[in-house]
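Work through the exercises below with the sequence and the structure side by side. Try each task before you read its solution.

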2 protein chains.
Amino acid sequence: MCAVSTSRPYHHGDLPAALLHAALGLLEDGEPFSLRAVARRAGVSPNAPYRHYADKEALLAALATYGFGRLADRLEAAAELTDMAEEYVSFALAHPGLFRLMYGRPTANAAAARTAEILAGRVTAPALQIGAWAMVHGLAVLLLDGKLTCPDPAQLVRATVAAVLTPAVRG
Amino acid sequence: MCAVSTSRPYHHGDLPAALLHAALGLLEDGEPFSLRAVARRAGVSPNAPYRHYADKEALLAALATYGFGRLADRLEAAAELTDMAEEYVSFALAHPGLFRLMYGRPTANAAAARTAEILAGRVTAPALQIGAWAMVHGLAVLLLDGKLTCPDPAQLVRATVAAVLTPAVRG
DNA sequence: CGCGAATGTATACACTGCGCACATTAGGAA
DNA sequence: TTCCTAATGTGCGCAGTGTATACATTCGCG
(Lines give C-alpha, C1' and ligand atoms only; values in the text may rest on other atoms or scores of the structure.)
Protein backbone atom coordinates (compact mmCIF):
# COMPACT_ATOMS: atom_id res chain seq x y z
CA MET A 1 0.00 0.00 0.00
CA CYS A 2 1.28 3.44 -0.88
CA ALA A 3 1.78 5.88 1.95
CA VAL A 4 -0.21 9.08 1.78
CA SER A 5 2.05 12.10 1.61
CA THR A 6 0.81 13.55 4.91
CA SER A 7 1.56 10.38 6.89
CA ARG A 8 4.76 10.23 8.83
CA PRO A 9 7.51 8.06 7.37
CA TYR A 10 7.75 4.38 8.21
CA HIS A 11 11.15 4.91 9.78
CA HIS A 12 11.21 7.32 12.63
CA GLY A 13 14.69 8.76 12.37
CA ASP A 14 15.88 8.65 15.95
CA LEU A 15 13.52 6.42 17.86
CA PRO A 16 15.86 5.66 20.79
CA ALA A 17 16.11 9.32 21.71
CA ALA A 18 12.41 9.88 21.05
CA LEU A 19 11.59 6.98 23.35
CA LEU A 20 13.81 8.35 26.10
CA HIS A 21 12.16 11.73 25.70
CA ALA A 22 8.68 10.23 25.77
CA ALA A 23 9.55 8.18 28.85
CA LEU A 24 10.86 11.31 30.59
CA GLY A 25 7.64 13.09 29.68
CA LEU A 26 5.58 10.32 31.25
CA LEU A 27 7.64 10.52 34.44
CA GLU A 28 7.42 14.30 34.62
CA ASP A 29 3.68 14.26 34.07
CA GLY A 30 3.29 11.62 36.74
CA GLU A 31 1.35 9.37 34.39
CA PRO A 32 1.43 5.63 34.89
CA PHE A 33 4.58 4.31 33.30
CA SER A 34 4.26 1.49 30.80
CA LEU A 35 6.28 0.58 27.76
CA ARG A 36 3.12 0.79 25.70
CA ALA A 37 2.43 4.30 26.94
CA VAL A 38 5.97 5.30 26.01
CA ALA A 39 5.48 3.90 22.52
CA ARG A 40 2.10 5.63 22.24
CA ARG A 41 3.61 8.97 23.26
CA ALA A 42 6.36 8.52 20.68
CA GLY A 43 3.68 7.80 18.06
CA VAL A 44 4.90 4.33 17.33
CA SER A 45 3.65 0.75 17.61
CA PRO A 46 3.67 -0.97 21.02
CA ASN A 47 6.54 -3.25 20.05
CA ALA A 48 8.79 -0.79 18.27
CA PRO A 49 10.79 -0.04 21.43
CA TYR A 50 12.05 -3.62 21.48
CA ARG A 51 14.20 -2.86 18.45
CA HIS A 52 16.24 -0.47 20.58
CA TYR A 53 15.82 -1.64 24.16
CA ALA A 54 15.98 -5.31 25.11
CA ASP A 55 13.14 -4.93 27.57
CA LYS A 56 11.49 -2.47 29.91
CA GLU A 57 14.36 -2.68 32.37
CA ALA A 58 16.80 -1.60 29.67
CA LEU A 59 14.83 1.56 28.97
CA LEU A 60 14.55 2.30 32.67
CA ALA A 61 18.28 1.77 33.10
CA ALA A 62 18.99 4.24 30.30
CA LEU A 63 16.67 6.74 31.97
CA ALA A 64 18.43 6.21 35.29
CA THR A 65 21.92 6.88 33.94
CA TYR A 66 20.57 9.96 32.15
CA GLY A 67 19.11 11.17 35.42
CA PHE A 68 22.33 10.61 37.34
CA GLY A 69 24.14 12.61 34.70
CA ARG A 70 21.79 15.56 35.15
CA LEU A 71 22.09 15.36 38.93
CA ALA A 72 25.88 15.23 38.74
CA ASP A 73 25.90 18.35 36.57
CA ARG A 74 23.82 20.20 39.11
CA LEU A 75 25.98 19.09 42.02
CA GLU A 76 29.22 20.04 40.32
CA ALA A 77 27.93 23.54 39.75
CA ALA A 78 27.41 24.04 43.47
CA ALA A 79 30.18 25.68 45.48
CA GLU A 80 29.63 24.61 49.06
CA LEU A 81 28.27 21.57 50.82
CA THR A 82 25.10 23.39 51.81
CA ASP A 83 24.44 24.38 48.21
CA MET A 84 25.03 20.85 47.03
CA ALA A 85 22.60 19.49 49.58
CA GLU A 86 20.00 21.98 48.47
CA GLU A 87 20.54 21.10 44.81
CA TYR A 88 20.28 17.40 45.59
CA VAL A 89 16.96 17.73 47.36
CA SER A 90 15.54 20.24 44.92
CA PHE A 91 16.40 17.91 42.05
CA ALA A 92 14.54 15.09 43.77
CA LEU A 93 11.49 17.27 44.40
CA ALA A 94 11.52 18.68 40.87
CA HIS A 95 11.79 15.24 39.23
CA PRO A 96 10.22 12.79 41.68
CA GLY A 97 9.57 10.03 39.17
CA LEU A 98 13.05 10.18 37.68
CA PHE A 99 14.73 10.40 41.09
CA ARG A 100 12.88 7.39 42.45
CA LEU A 101 13.67 5.46 39.31
CA MET A 102 17.37 6.33 39.52
CA TYR A 103 17.78 4.94 43.01
CA GLY A 104 15.36 2.10 42.49
CA ARG A 105 17.28 0.38 39.69
CA PRO A 106 19.82 -2.20 40.83
CA THR A 107 21.70 -1.20 37.68
CA ALA A 108 23.47 2.13 37.34
CA ASN A 109 25.11 1.80 40.72
CA ALA A 110 28.26 3.13 39.13
CA ALA A 111 26.49 6.36 38.25
CA ALA A 112 25.17 6.58 41.80
CA ALA A 113 28.67 6.08 43.16
CA ARG A 114 29.94 8.92 40.99
CA THR A 115 27.23 11.18 42.39
CA ALA A 116 28.27 10.20 45.89
CA GLU A 117 31.90 11.01 45.07
CA ILE A 118 30.99 14.51 43.97
CA LEU A 119 29.18 15.04 47.23
CA ALA A 120 32.08 13.56 49.18
CA GLY A 121 34.47 16.00 47.53
CA ARG A 122 33.29 18.65 50.00
CA VAL A 123 33.97 16.49 53.04
CA THR A 124 37.12 14.92 54.40
CA ALA A 125 36.54 12.13 56.92
CA PRO A 126 35.12 8.91 55.35
CA ALA A 127 32.41 8.41 57.96
CA LEU A 128 31.36 12.00 57.40
CA GLN A 129 31.19 11.50 53.65
CA ILE A 130 28.78 8.62 54.02
CA GLY A 131 26.86 10.40 56.74
CA ALA A 132 26.43 13.53 54.65
CA TRP A 133 25.22 11.59 51.64
CA ALA A 134 22.86 9.53 53.78
CA MET A 135 21.38 12.57 55.49
CA VAL A 136 20.81 14.51 52.31
CA HIS A 137 19.41 11.47 50.54
CA GLY A 138 17.23 10.70 53.53
CA LEU A 139 15.81 14.21 53.49
CA ALA A 140 15.07 13.91 49.79
CA VAL A 141 13.36 10.55 50.12
CA LEU A 142 11.33 11.47 53.19
CA LEU A 143 10.14 14.68 51.54
CA LEU A 144 9.34 12.79 48.35
CA ASP A 145 7.31 10.19 50.18
CA GLY A 146 5.40 12.81 52.13
CA LYS A 147 6.75 11.57 55.46
CA LEU A 148 8.28 14.98 56.11
CA THR A 149 5.98 17.86 55.29
CA CYS A 150 7.46 21.29 55.19
CA PRO A 151 6.47 24.58 53.51
CA ASP A 152 10.03 25.44 52.48
CA PRO A 153 12.14 22.36 51.78
CA ALA A 154 15.20 24.36 50.75
CA GLN A 155 15.19 26.14 54.09
CA LEU A 156 14.79 22.83 55.89
CA VAL A 157 17.79 21.41 54.09
CA ARG A 158 19.99 24.39 54.91
CA ALA A 159 18.95 24.31 58.57
CA THR A 160 19.51 20.59 58.92
CA VAL A 161 22.89 20.68 57.23
CA ALA A 162 23.90 23.59 59.45
CA ALA A 163 22.74 21.82 62.60
CA VAL A 164 24.16 18.38 61.90
CA LEU A 165 26.83 18.37 59.23
CA THR A 166 28.64 21.62 59.90
CA PRO A 167 29.35 20.86 63.59
CA ALA A 168 30.51 17.37 62.70
CA VAL A 169 32.88 18.69 60.06
CA ARG A 170 34.29 21.27 62.48
CA GLY A 171 34.40 18.72 65.30
CA MET B 1 -22.58 -29.99 43.77
CA CYS B 2 -21.65 -31.72 47.01
CA ALA B 3 -18.28 -30.98 48.53
CA VAL B 4 -15.95 -33.93 49.04
CA SER B 5 -15.18 -34.50 52.72
CA THR B 6 -11.45 -33.82 52.33
CA SER B 7 -11.98 -30.37 50.80
CA ARG B 8 -11.59 -27.36 53.06
CA PRO B 9 -14.78 -25.53 54.06
CA TYR B 10 -16.28 -22.92 51.80
CA HIS B 11 -15.82 -20.25 54.43
CA HIS B 12 -12.28 -19.70 55.51
CA GLY B 13 -12.67 -18.56 59.09
CA ASP B 14 -10.32 -15.61 59.26
CA LEU B 15 -9.48 -14.64 55.73
CA PRO B 16 -8.36 -11.05 56.48
CA ALA B 17 -5.59 -12.25 58.78
CA ALA B 18 -4.68 -15.08 56.44
CA LEU B 19 -4.40 -12.62 53.56
CA LEU B 20 -2.15 -10.32 55.56
CA HIS B 21 0.01 -13.29 56.49
CA ALA B 22 0.17 -14.49 52.90
CA ALA B 23 1.05 -11.00 51.70
CA LEU B 24 3.83 -10.77 54.28
CA GLY B 25 5.11 -14.12 53.10
CA LEU B 26 5.24 -12.89 49.52
CA LEU B 27 7.18 -9.81 50.58
CA GLU B 28 9.62 -11.80 52.71
CA ASP B 29 10.24 -14.29 49.93
CA GLY B 30 10.81 -11.47 47.49
CA GLU B 31 8.26 -12.90 45.09
CA PRO B 32 6.40 -10.58 42.74
CA PHE B 33 3.52 -9.07 44.65
CA SER B 34 0.08 -9.36 43.13
CA LEU B 35 -3.33 -9.65 44.72
CA ARG B 36 -3.86 -12.88 42.83
CA ALA B 37 -0.64 -14.29 44.22
CA VAL B 38 -1.77 -13.36 47.73
CA ALA B 39 -5.08 -15.11 47.16
CA ARG B 40 -3.30 -18.15 45.71
CA ARG B 41 -1.02 -18.37 48.75
CA ALA B 42 -4.02 -18.15 51.05
CA GLY B 43 -5.64 -20.95 49.08
CA VAL B 44 -8.59 -18.90 47.97
CA SER B 45 -10.10 -17.58 44.76
CA PRO B 46 -8.52 -14.54 43.08
CA ASN B 47 -11.45 -12.31 44.02
CA ALA B 48 -12.04 -13.42 47.59
CA PRO B 49 -9.76 -10.68 49.00
CA TYR B 50 -12.14 -8.03 47.69
CA ARG B 51 -14.65 -9.04 50.37
CA HIS B 52 -12.23 -7.79 53.01
CA TYR B 53 -10.10 -5.17 51.30
CA ALA B 54 -11.57 -2.58 48.98
CA ASP B 55 -8.66 -2.91 46.56
CA LYS B 56 -4.97 -3.66 46.36
CA GLU B 57 -4.05 -0.34 47.96
CA ALA B 58 -6.16 -1.16 51.02
CA LEU B 59 -4.28 -4.40 51.59
CA LEU B 60 -0.95 -2.63 51.10
CA ALA B 61 -2.00 0.09 53.53
CA ALA B 62 -2.86 -2.53 56.14
CA LEU B 63 0.52 -4.13 55.60
CA ALA B 64 2.24 -0.77 55.96
CA THR B 65 0.62 0.10 59.28
CA TYR B 66 1.44 -3.40 60.52
CA GLY B 67 5.07 -2.86 59.52
CA PHE B 68 5.29 0.51 61.23
CA GLY B 69 3.95 -1.12 64.38
CA ARG B 70 6.68 -3.73 64.33
CA LEU B 71 9.35 -1.10 63.69
CA ALA B 72 8.07 1.08 66.52
CA ASP B 73 8.24 -1.88 68.90
CA ARG B 74 11.84 -2.49 67.98
CA LEU B 75 12.79 1.15 68.35
CA GLU B 76 11.16 1.52 71.74
CA ALA B 77 13.13 -1.43 73.03
CA ALA B 78 16.40 0.31 72.20
CA ALA B 79 18.10 2.31 74.93
CA GLU B 80 20.35 4.79 73.15
CA LEU B 81 20.27 6.67 69.88
CA THR B 82 22.97 4.47 68.40
CA ASP B 83 21.03 1.33 69.23
CA MET B 84 17.89 2.78 67.72
CA ALA B 85 19.71 3.65 64.54
CA GLU B 86 21.07 0.13 64.33
CA GLU B 87 17.62 -1.35 64.91
CA TYR B 88 16.10 0.91 62.26
CA VAL B 89 18.58 -0.12 59.59
CA SER B 90 18.61 -3.78 60.56
CA PHE B 91 14.82 -3.82 60.33
CA ALA B 92 15.01 -2.39 56.84
CA LEU B 93 17.61 -4.91 55.72
CA ALA B 94 15.75 -7.82 57.32
CA HIS B 95 12.42 -6.90 55.73
CA PRO B 96 13.27 -5.00 52.53
CA GLY B 97 9.94 -5.50 50.83
CA LEU B 98 7.91 -4.48 53.85
CA PHE B 99 10.15 -1.48 54.59
CA ARG B 100 9.94 -0.16 51.05
CA LEU B 101 6.19 -0.66 51.08
CA MET B 102 5.81 1.19 54.38
CA TYR B 103 7.53 4.33 53.15
CA GLY B 104 6.14 4.07 49.63
CA ARG B 105 2.47 4.36 50.60
CA PRO B 106 1.11 7.92 50.70
CA THR B 107 -1.21 6.54 53.39
CA ALA B 108 -0.01 5.62 56.85
CA ASN B 109 1.90 8.86 57.22
CA ALA B 110 0.58 9.01 60.77
CA ALA B 111 2.31 5.74 61.58
CA ALA B 112 5.51 7.06 60.03
CA ALA B 113 5.25 10.22 62.10
CA ARG B 114 4.92 8.14 65.25
CA THR B 115 8.08 6.25 64.32
CA ALA B 116 9.87 9.53 63.82
CA GLU B 117 8.72 10.72 67.23
CA ILE B 118 10.18 7.69 68.92
CA LEU B 119 13.48 8.37 67.24
CA ALA B 120 13.28 12.06 68.14
CA GLY B 121 12.79 11.17 71.79
CA ARG B 122 16.53 10.64 72.07
CA VAL B 123 17.38 14.03 70.61
CA THR B 124 16.61 17.54 71.77
CA ALA B 125 17.03 20.21 69.11
CA PRO B 126 14.36 20.09 66.34
CA ALA B 127 16.82 20.37 63.48
CA LEU B 128 18.80 17.54 65.01
CA GLN B 129 15.71 15.38 65.31
CA ILE B 130 14.98 15.69 61.62
CA GLY B 131 18.63 15.32 60.72
CA ALA B 132 19.00 12.15 62.76
CA TRP B 133 15.91 10.57 61.23
CA ALA B 134 16.99 11.60 57.74
CA MET B 135 20.49 10.21 58.16
CA VAL B 136 19.37 6.89 59.56
CA HIS B 137 16.63 6.56 56.97
CA GLY B 138 19.07 7.53 54.23
CA LEU B 139 21.50 4.85 55.36
CA ALA B 140 18.71 2.27 55.33
CA VAL B 141 17.49 3.23 51.88
CA LEU B 142 20.93 3.45 50.29
CA LEU B 143 21.89 0.07 51.71
CA LEU B 144 18.58 -1.40 50.57
CA ASP B 145 19.03 -0.08 47.06
CA GLY B 146 22.58 -1.37 46.85
CA LYS B 147 24.00 2.13 46.43
CA LEU B 148 26.07 1.66 49.57
CA THR B 149 27.78 -1.70 49.76
CA CYS B 150 29.31 -2.68 53.04
CA PRO B 151 30.23 -6.01 54.66
CA ASP B 152 28.94 -5.01 58.10
CA PRO B 153 26.00 -2.59 57.92
CA ALA B 154 25.54 -2.49 61.70
CA GLN B 155 29.12 -1.36 62.16
CA LEU B 156 28.66 1.24 59.42
CA VAL B 157 25.61 2.62 61.18
CA ARG B 158 27.37 2.86 64.54
CA ALA B 159 30.39 4.56 62.98
CA THR B 160 28.32 7.05 61.03
CA VAL B 161 26.14 7.94 63.99
CA ALA B 162 29.24 8.39 66.12
CA ALA B 163 30.93 10.57 63.53
CA VAL B 164 27.99 12.78 62.61
CA LEU B 165 25.19 12.68 65.15
CA THR B 166 27.09 12.47 68.41
CA PRO B 167 29.24 15.58 67.79
CA ALA B 168 26.18 17.50 66.66
CA VAL B 169 24.25 16.55 69.77
CA ARG B 170 27.15 17.57 71.97
CA GLY B 171 27.07 20.91 70.17
C1' DC C 1 18.71 -1.86 -10.23
C1' DG C 2 18.35 -5.46 -6.58
C1' DC C 3 19.03 -7.58 -2.45
C1' DG C 4 19.93 -7.96 2.49
C1' DA C 5 19.79 -5.73 6.84
C1' DA C 6 17.60 -2.58 9.77
C1' DT C 7 13.49 -0.95 11.51
C1' DG C 8 8.49 -0.68 12.51
C1' DT C 9 3.83 -3.40 12.57
C1' DA C 10 0.40 -7.18 13.56
C1' DT C 11 -0.91 -10.79 16.09
C1' DA C 12 -0.89 -13.60 20.11
C1' DC C 13 -0.22 -15.31 24.96
C1' DA C 14 0.07 -15.16 29.88
C1' DC C 15 -0.51 -12.23 33.43
C1' DT C 16 -2.46 -8.35 36.20
C1' DG C 17 -6.34 -5.46 38.94
C1' DC C 18 -10.99 -5.35 39.24
C1' DG C 19 -16.39 -5.30 38.28
C1' DC C 20 -20.45 -8.30 38.02
C1' DA C 21 -23.49 -12.26 38.63
C1' DC C 22 -23.85 -16.45 41.00
C1' DA C 23 -23.03 -20.36 44.52
C1' DT C 24 -22.48 -21.64 49.11
C1' DT C 25 -22.84 -21.22 53.85
C1' DA C 26 -23.81 -19.40 58.68
C1' DG C 27 -26.97 -17.83 62.01
C1' DG C 28 -31.09 -16.09 63.61
C1' DA C 29 -36.50 -16.10 63.19
C1' DA C 30 -40.72 -18.70 62.85
C1' DT D 1 -36.87 -28.21 63.43
C1' DT D 2 -37.15 -25.32 58.96
C1' DC D 3 -36.55 -21.34 56.22
C1' DC D 4 -34.77 -16.84 54.91
C1' DT D 5 -31.34 -13.35 54.64
C1' DA D 6 -26.85 -11.58 54.81
C1' DA D 7 -22.05 -12.70 54.67
C1' DT D 8 -18.64 -14.86 52.21
C1' DG D 9 -16.25 -17.19 48.32
C1' DT D 10 -16.33 -18.48 43.13
C1' DG D 11 -16.57 -17.89 37.94
C1' DC D 12 -16.44 -15.23 34.24
C1' DG D 13 -15.20 -11.25 31.73
C1' DC D 14 -12.87 -6.78 30.52
C1' DA D 15 -9.12 -3.66 29.80
C1' DG D 16 -4.35 -3.09 30.16
C1' DT D 17 0.46 -4.86 30.66
C1' DG D 18 5.24 -7.11 29.11
C1' DT D 19 7.01 -9.70 25.57
C1' DA D 20 7.68 -13.49 21.72
C1' DT D 21 6.94 -14.46 16.95
C1' DA D 22 5.94 -13.60 12.23
C1' DC D 23 5.36 -10.14 8.86
C1' DA D 24 5.78 -5.50 6.21
C1' DT D 25 8.36 -1.60 4.85
C1' DT D 26 12.30 0.97 3.90
C1' DC D 27 17.29 2.26 3.75
C1' DG D 28 21.92 1.57 2.07
C1' DC D 29 25.28 -0.84 -0.37
C1' DG D 30 26.73 -3.92 -4.32
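**Exercise 1. Is B:Ala108 buried or exposed, and where is it found?**

Step 1. Take the relative accessible area of B:Ala108, which is 12%. Step 2. Apply the cut-offs: buried means under 20% relative accessible area, exposed over 50%, and partly exposed in between (1.4 Å probe, protein chains only). Step 3. B:Ala108 is therefore buried. Step 4. Place B:Ala108 in the chain: it sits in the loop between α5 and α6 (109-120) of chain B. Helices here are DSSP runs (H or I, at least four residues), strands likewise (E, at least two), numbered from the N terminus. Step 5. Check the backbone: phi of B:Ala108 is near 60°, a positive value in a residue other than glycine.

This is a predicted model, so local features need pLDDT of at least 70 and side-chain atom pairs count only at pLDDT 80 or more, while totals for chains, interfaces and linings use all residues. Residues are numbered from 1 along each chain as its sequence is written, chains are lettered from A and ligands numbered from 1 in the order in which they are written, and side-chain values use heavy atoms, with hydrogens and water left out.

**Exercise 2. What is the phi of A:Ala108, and where is A:Ala108 found?**

Step 1. Phi of A:Ala108 is near 60°, which is positive although the residue is not glycine. Step 2. A:Ala108 belongs to the loop between α5 and α6 of chain A. Step 3. With a relative accessible area of 12%, A:Ala108 is buried.

**Exercise 3. Which residues does B:Leu63 touch?**

Step 1. Locate B:Leu63 in helix α3 of chain B. Step 2. Its relative accessibility is 0%, so B:Leu63 counts as buried. Step 3. List the contacts (heavy atoms within 4.5 Å). Leaving out residues up to four places away in sequence, B:Leu63 touches B:Leu20, B:Ala23, B:Leu24, B:Leu27, B:Phe33, B:Leu98 and B:Leu101. Step 4. Compare chain and space: B:Leu63 and B:Ala108 are 45 residues apart along the chain, and their C-alpha atoms are separated by 9.8 Å.

**Exercise 4. What span should helix α1 of chain B have?**

Step 1. Count 14 residues in α1 (residues 15-28) of chain B. Step 2. The expected span is 1.5 Å times one less than the number of residues. That gives 20 Å for α1 of chain B, and the end C-alpha atoms are 20 Å apart, which agrees. Step 3. Name buried residues of α1(B): among them are B:Leu15, B:Leu19 and B:Ala22. Step 4. Their cover includes α2 (35-41), α3 (56-76) and α5 (96-104) of chain B. Step 5. Look past the helix: B:Gly30 follows α1(B), and its phi is positive, near 70°.

**Exercise 5. Which residues does A:His137 touch?**

Step 1. Find A:His137 in helix α7 (residues 126-144) of chain A. Step 2. At 0% relative accessibility, A:His137 counts as buried. Step 3. Skip residues up to four places away in sequence. A:His137 then touches A:Tyr88, A:Phe99, A:Tyr103, B:Val141 and B:Leu142. Step 4.

**Exercise 6. How many helices and strands does chain A have?**

Step 1. Chain A has 8 helices and 0 strands. Step 2. Of its 171 residues, 45% count as buried. Step 3. The C-alpha trace of chain A spans about 75 × 30 × 25 Å along its principal axes.
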